[in-house]
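Reader: I'd like a close look at a single part of this model, the place where the two chains meet. Could you walk me through what each side brings to it?

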Amino acid sequence: MNGAQDMGGVHGFGPVEAEPDEPVFHADWERRAFALTLAMGMPGGWNIDMSRYARENRDPAEYLSMSYYQIWFAALETMLKERALVAEDEIAAGHALHERKPVTRVLSTDDVLKVLHRGGPTERATNTKPAFKVGDRVRAKTIHPLTHTRLPRYVRGHAGVIERAIGCHVFPDSNAQGAGENPQWLYTVRFAGRELWGADSDPSVQVSVDAWEPYLEPI
Amino acid sequence: MSGHDHHHDHDHSELSETQLRVRALETVLTEKGYVDPAALDLLIETYEKKVGPRNGARVVAKAWADPAYRARLFKDATPAITELGFAGRQGEHIVALENTAKRHNMVVCTLCSCYPWPVLGLPPVWYKSAPYRSRAVADPRGVLADFGVSLPKDTDIRVWDSTAEIRYLVIPMRPAGTETWSEEKLAELVTRDSMIGTGLAKNPK
């Protein structure tokens, strides 16, 4: 979706301001919101692409006015309510009011380090052959899906070069919609800065994105 | 403003709406048995106290000091980093990027906040912020200037937008005058920002 999350090339946000000696969390609720989000992945049964979509799928004005962990927390609420694991009246009351819906598994302390260490690799075996090889010239398609995608607007329609063939990976555009992993070949595609930002831009700049094959067309 | 707002009992902490809502949700999820509060504490402790940029600094220092390790790291970073015990969530597929006098690499996630957790920990606020995400791809030298970094005009700037599950770790240039240094001492020169590409390694004193 062409939401506020797709920020590459947007003007007006001002300089980058780094905070000296920044703490990992800035408030206790950030710690809890972070941990709840990670822990609920197991009983909640959603995947990382569904989480990202739940975060970005909101009014751009709202997205831009929320802090990072506020967005995380809002997305967690959305996903819990969509699955009827929690209802708004329960959050308002601060207590469970409705019958517990069964879940497959809850994250225990014994699981934590194992689950984190395992992570969620996205590479998948395939019988298909990649359509592109390193050095091929490609164009990022002009697409505007209403649903989750990982092709940023600033590269759409632009020509680049395949720099690296990464392997076959879970396709977020499908996975976010619950339409299956639908693994696709993934490539690092390099663009000249001037191709993206025009003849007046810095000639020493090159930018790459990692793009799945359905995002690309041959030139 | 009326004086009303000042009449709160200061023995009570003034909780924000978000704070209250997070607390309420945690209570509901705990009562329903969906989360174990001890597991939440362990998740927090892990990312607040254990996993952080000192992990990445060890990888960089070893890459500087040990040519065989360096070769393994640039060939396939994920197993090379696992050798040092760092692996897992948000670091399942890591690629190491070599900064040289001719080429400076810089990493961003314009769409969200993708970042190599096992080696750098959780990202700082600026990395997730609109100013960085919007400008890193369009004006990387301007962003570097925000960090007080100025590179020669003929240095190529290569920006990596982390749009998939590949996570990038920049290996900064080794400072001159450190040829005899141990890995432990070298690691002290490696800053978090130098591994994102918004900074350089520290010079030896």
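Author: First, a cut-off we'll need: two residues are in contact if their C-beta atoms, placed from the backbone, lie within 7 Å. Keep in mind as well that this is a predicted model.

On that basis, chain B puts 67 residues into the contact and chain A puts in 71. On the chain B side, several elements supply at least two residues each, among them helix H1 (17-31), helix H2 (37-50) and strand E3 (156-161). Further along chain B, H7 (125-128), H8 (130-135) and H9 (140-146) are also on that list. H1(B) has the largest share, with eleven residues.

Strand E4 of chain A, residues 205-212, runs parallel to E3(B), and the two pair over five bridges. Within that pairing, Gln206(A) sits opposite Arg158(B).

Now for some background on chain B itself. Its secondary structure amounts to eleven helices and four strands. Its radius of gyration is 21 Å, whereas a compact globule of 205 residues would come out near 17 Å. Along the principal axes, the C-alpha atoms of chain B take up a box of roughly 60 × 40 × 35 Å. Some 49% of the 205 residues of chain B count as buried.

Over in chain A, the domain assignment gives domain 1 (28-118) and domain 2 (137-218). The centres of these two domains of chain A are 29 Å apart, and their contact takes five residues from domain 1 and four from domain 2.

Definitions and conventions:
Residues numbered from 1 in each chain as written. Chains lettered and ligands numbered in written order. Predicted model: local features only at pLDDT ≥ 70, side-chain atom pairs only at ≥ 80, totals over all residues. Rg over C-alpha atoms; globule rule 2.2 N^0.38 Å. Buried ≥ 20, exposed ≤ 12 C-beta atoms within 10 Å, placed from the backbone. Domains from an automatic or database assignment. Pairing = 2+ DSSP bridges.
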